[in-house]
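This report goes through one protein model, from its domains to single residues. The sequence and structure are shown first.

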Amino acid sequence: MLTDTSLADQLAAQRDDRLRVLIVGAGIAGITLAQLLRRAGLHPVLIDRMPAMEHPGYMLALMPTVDQAFVDLGIHEQYHAAGTPMARYSFRSHRGRVLRTDPLGELLNVYGDYNGISRGALIEVLTAGGCPVTFGLSIDRSDASGVRFVDRDGAGVAQAAFDLVVGADGIRSRLRAVLGAGTPEVVETGWSGWVAWADDSGDPALGEELWGDGFFLGMYPVKDRLGVFLGGPDADLEVGPAAFAASVRARVDELGPRLSASLDAVAADPDPYLWRLDDARVASWVLPHGILLGDAAAGFLPTAGIGAGMAIESAWMLGRMLARADRATLPAVLAAWERVERPRVEAAQSNSRMLAKLMFRRGRVVAWLRETVMRMLSVRAALGPILRLVATRPDPDAEAAAALAAAGSPEKPHSA
Ligand SMILES: Cc1cc2nc3c(=O)[nH]c(=O)nc-3n(C[C@H](O)[C@H](O)[C@H](O)COP(=O)(O)OP(=O)(O)OC[C@H]3O[C@@H](n4cnc5c(N)ncnc54)[C@H](O)[C@@H]3O)c2cc1C
């Protein structure tokens, strides 16, 4: 679990570290990196601006890009036990008819599972051995003199110096501005959607999506329940979840019990989590006074279900490479990390953007054309670029060793 710890205690614990790391944002990427660095003998300071553990409880389907991180953290079995493999994926027409069902599990199983897990369960697994964090804290400055910590009202509360500041504060990152990343490139779809939970009496190994005319309904199993996402153009969502769900119900012929229960779940939730469907990409991850990681570096549209998968891979790659770095070699190792990881993340993000062009369009003709394309285009083809990424994951140890050799600093082992 995340253990609320004072900043003073976290700073004291890291005083003698060969690399003093500050991680801003205790989300999926920040926690993964913190735990990997702990395994490498460091004591990263982890902060989050939330006043307490209030993580939004949505569902995640994670590609096998995440598996090695969990193997390294010694939590792979627990990760699988807390989730459920999504073995098959059905694509439904805009009227609700199942057009095709693909064996997602078979496509991926040489690499691992497509595992459905709730965000809360994932954070529990990642932090089961404890993970110190200081809540209610952020930073508003990082420069040669160090960082300034601020509370939720923006008042300065402390200063400290670090060798590395990691901005892992999610898709609406403020650290981009603090670290000087410039304005991100953003794709805005003009769509948003609500997330809700339904009891799943259906098939727990089956994920389903219905790409409608002016709406999108996704159903993703996690352990013992079903995560539901109902989205549409922003203007149409103004009527609220219950009325929008009712309008979708009227537009679908083949509802069946699972779709019906999913729409009921959205309608019944008085305050469902709202997800704005846009993304963001910064030009450089490694900046003069810190780096960006996860959604802060490249935040994803939901269309390929890979944002968290790539955030975890990036954190794993960084954690493994930093295990070989010290203050002198840090710049070379960070540059190598960005060189290896950013093109992979941006390729996955481009795939999501390409699929979004199919999804976030309205009109019957568009729906019909999309269904014609999807009948012919297998999931293997649609996810081709992502499957290639999964199949070609680089070796962080070799990359770090090459970076150290190129910097004229052959590797010395660091004691944990
Ligand atoms: C509804 C939904 C469904 C999704 N489904 C999938 C899926 O199926 N598969 C998949 O791979 N991905 C999915 N994603 C994407 C995935 O959740 C993100 O890519 C992933 O969470 C990114 O991790 P992160 O650590 O970068 O950001 P986050 O997990 O968002 O964490 C950011 C953290 O930073 C903190 N923070 C924010 N601002 C500050 C600040 N100024 N100072 C300090 N702390 C701050 C926040 O409180 C939070 O704890 C989904 C996302 C949503 C919203």
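This is a predicted model: local features need pLDDT of at least 70, side-chain atom pairs count only at pLDDT 80 or more; totals for chains, interfaces and linings use all residues.

The division of the protein chain puts 2-85, 113-186 and 279-406 in domain 1, and 189-278 in domain 2. Between the C-alpha centres of domain 1 and domain 2 the distance is 27 Å.

## The chain as a whole

The protein chain has 16 helices and 22 strands. Its C-alpha trace spans about 65 × 45 × 40 Å along the principal axes. A compact globule of 416 residues would have a radius of gyration near 22 Å, and the protein chain agrees with this because its own value is 22 Å.

Of the 416 residues of the protein chain, 46% count as buried. Contacts between residues at least 6 apart in sequence were also sorted by separation: 76% of them join residues at least 24 apart.

## The shell around the ligand

Which residues come nearest to the ligand? Of the 32 residues around the ligand, these are Gly-25, Gly-27, Gly-170, Gly-294 and Gly-307. By class, the shell around the ligand consists of 18 nonpolar, nine polar and five charged residues.

Three elements each supply at least two residues of this shell: helix 2 (28-39), strand 4 (59-62) and helix 11 (307-322). Helix 11 gives the most, with four residues.

## Helix 2

Helix 2 has 12 residues and reaches 17 Å from its first C-alpha to its last, which is close to the 16 Å expected at 1.5 Å a residue. Just after helix 2, Gly-41 takes a positive phi of about 90 degrees.

Is helix 2 mostly covered or mostly uncovered? It is mostly covered, with 10 of its 12 residues buried. The buried residues are Ile-28, Ala-29, Gly-30, Ile-31, Thr-32, Leu-33, Ala-34, Gln-35, Leu-36 and Leu-37. In an α-helix there are 3.6 residues a turn, so residues three or four places apart point the same way.

## Asp-295

Asp-295 lies in the loop between strand 21 (290-292) and strand 22 (298-299). Asp-295 counts as buried because 24 other C-beta atoms lie within 10 Å, and the cut-off for buried is 20 or more.

Leaving aside neighbours within four places in sequence, Asp-295 is in contact with Gly-170, Ile-171, Gly-307 and Ala-311. Of these, Gly-170 and Gly-307 are also among the residues that come nearest to the ligand. Gly-27 is another of the residues that come nearest to the ligand.

## Asp-224

Asp-224 is not a glycine, yet it has a positive phi of about 65 degrees. The place of Asp-224 is in the loop between strand 16 (216-222) and strand 17 (225-233).

Is Asp-224 buried or exposed? Asp-224 counts as exposed because it has 10 C-beta neighbours inside 10 Å, and 12 or fewer is the cut-off for exposed.

Val-98 is partly exposed, with 13 other C-beta atoms within 10 Å. Thr-101 counts as partly exposed, with 14 C-beta neighbours inside 10 Å.

Not counting residues up to four places away in sequence, Val-98 touches Ser-90 and Arg-92, while Thr-101 touches Arg-88, Tyr-89 and Ser-90. Thr-101 and Tyr-89 are 12 residues apart in sequence and 5.5 Å apart in space, C-alpha to C-alpha. Val-98 and Glu-254 are 156 residues apart along the chain, and their C-alpha atoms are separated by 8.8 Å.

Definitions and conventions
Residues are numbered from 1 along each chain as its sequence is written. A residue is near a molecule or strand if its C-beta atom, placed from the backbone, lies within 6 Å of it. Ala, Val, Leu, Ile, Met, Phe, Trp, Tyr, Cys and Pro count as nonpolar, Asp, Glu, Lys and Arg as charged, and the others, Gly among them, as polar. The expected span of a helix is 1.5 Å times one less than its number of residues. Domain bounds come from an automatic or database domain assignment. The radius of gyration is taken over C-alpha atoms; the globule rule is 2.2 Å times the number of residues to the power 0.38. Two residues are in contact if their C-beta atoms, placed from the backbone, lie within 7 Å.
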